Amino acid sequence: MERIWHLPTPERGTKLSSSQAMKLAISEASKGAPRVSPNPMVGAVVLDAQGGFLSCSYHEFYGGPHAEVNALKNLSPEELRGAHVFVTLEPCAHEGKTPSCAKTMAKLPLKKVTFGLIDPNPLVAGQGADILRAVGIEAEVFSSPNAEEDHDIKIKLEEACEAFLWNFRQKKVFVALKMASSLDGQVALRSGESQWITGPESREYVHYLRACYDAILVGKGTIEFDNPSLNIRHPTIEKKNKVIVIDAEAELLSRFSDLKLSKVHASADLFWCVAMDMKEQVDKTVSQMSLAPQIVYVKTNVGGDLDLQDLLAQLYRQGLRSVMVEGGAMTASSFIDDRLVNRLYMFQAPIIMGSGGSRSWTETIRISSMNEKIHVKNPRYLTFGNDFMITGTL
């Protein structure tokens with residue numbers, strides 16, 4: 001998830017409107033993107049009784065203090081008397097790895113708490129607000145008097161914890177798709193060669209995106225041709241990530257120890273997805289391997305390909321809550337065709353490769369009329385060096 005707003009921390013005492021405070025809370029929330037899963041990104045802002053800025057913070061990492069606690073921890077009871085707290089998500093009511101934020105805040109001399117979204121977790125939904133109201137603290141869902149601004153902020157509130165919301169609402173893995181293409185939509189040569197289409201600035205940002213999702217997913221063709229490491233190599237982020245490989249016929253499994261993946265990732269962080277009817281053969285192969293990934297057996301569809309719906313269901317059972325599909329062309333096209341992609345990151349370089357000797361990332365998708373075209377909703381545009389990126393939901 002790219003930073004939705006890049007807002008600097010205001011000077012202490014700076015007067016902020018409710019909309020400015022919530023935008024700052026969203027900006028803070030996005031700082032936690034690489035480290036909070038399966039928790040949501042959450043940001044908080046504290047204003048004094050006169051509406052002046054006191055502090056802001058965010059949920060930094062899974063298992064660590066929540067945004068509200070971080071924002072409030074260095075403020076005295078005198079500073080908090082009559083204060084107004086803005087938080088992107090309803091304060092939690094239940095005790096988990098950390099104490100209940102709502103119960104913690106209920107002990108403070110606050111006047112009001114405004115939250116962006118009601119928590120979808122049934123252990124929380126509405127209860128955090130009730131705890132605050134029970135001790136006389138006003139608690140309300142954010143609303144801006146400006147209809148256009150209100151719509152924009154609410155979209156970004158949803159985006160700030162979109163994977164978390166999808167997990168709770170649908171009980172499914174959130175799927176992002178990252179592709180890098182030429183201006184004419186080509187992602188690789190027919191030979192399979194694809195490095196490098198985009199520039200170093202784009203590639204560094206992709207490593208940031210990798211850190212924002214639980215796992216990277218690729219097809220066996222990407223492994224076979226590029227033999228990539230698929231780890232996170234970012235100047236400011238140190239994090240181990242998980243990798244999912246689609247290899248229906250287990251063609252690459254016997255070569256696992258020769259792949260870079262096996263050398264830079266722990267076996268527990270590698271998921272090899274193979275067809276269910278290969279189980280007997282694969283079990284035998286794995287029993288003879290000194291080093292092997294986690295095997296995920298997946299149903300096949302009538303064409304013999306892995307059923308991607310079942311694949312995602314199996315990954316959800318494995319505890320994965322978000323994945324970023326990175327290729328190749330057939331894998332990306334299949335996820336789009338099956339309408340399984342929640343968010344798209346489309347990088348384009350100012351080059352032309354020509355369709356005659358190249359591959360498109362949508363080559364298996366067929367629409368018979370313009371009414372069937374796939375829309376990218378709420379698009380946002382960023383530039384990296386000479387490259388251009390569009391992101392939005394599908």
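Me: Which residue in E13 does methionine 179 stand opposite?

Reply: Methionine 179 faces methionine 346 in E13. A word on the background: this is a predicted model, where local features need pLDDT of at least 70, side-chain atom pairs count only at pLDDT 80 or more, and totals for chains, interfaces and linings use all residues. Residues are numbered from 1 along each chain as its sequence is written, and side-chain values use heavy atoms, with hydrogens and water left out.

Me: What makes strand E6 and strand E13 a pair?

Reply: Two strands pair if DSSP finds at least two bridges between them. Six bridges join E6 (residues 174-181) to E13 (residues 343-348), and the two run parallel; so they pair by that definition. Strands here are DSSP runs of E with at least two residues, and helices are runs of H or I with at least four, numbered from the N terminus.

Me: Why is threonine 331 called buried?

Reply: Buried means under 20% relative accessible area, exposed over 50%, and partly exposed in between (1.4 Å probe, protein chains only). Threonine 331 has 12% relative accessibility, so it counts as buried. This threonine 331 lies in helix H13 (residues 329-337).

Me: And why does leucine 394 count as partly exposed?

Reply: Leucine 394 has 31% relative accessibility, and therefore counts as partly exposed. Leucine 394 is found in the segment after strand E16 (387-393).
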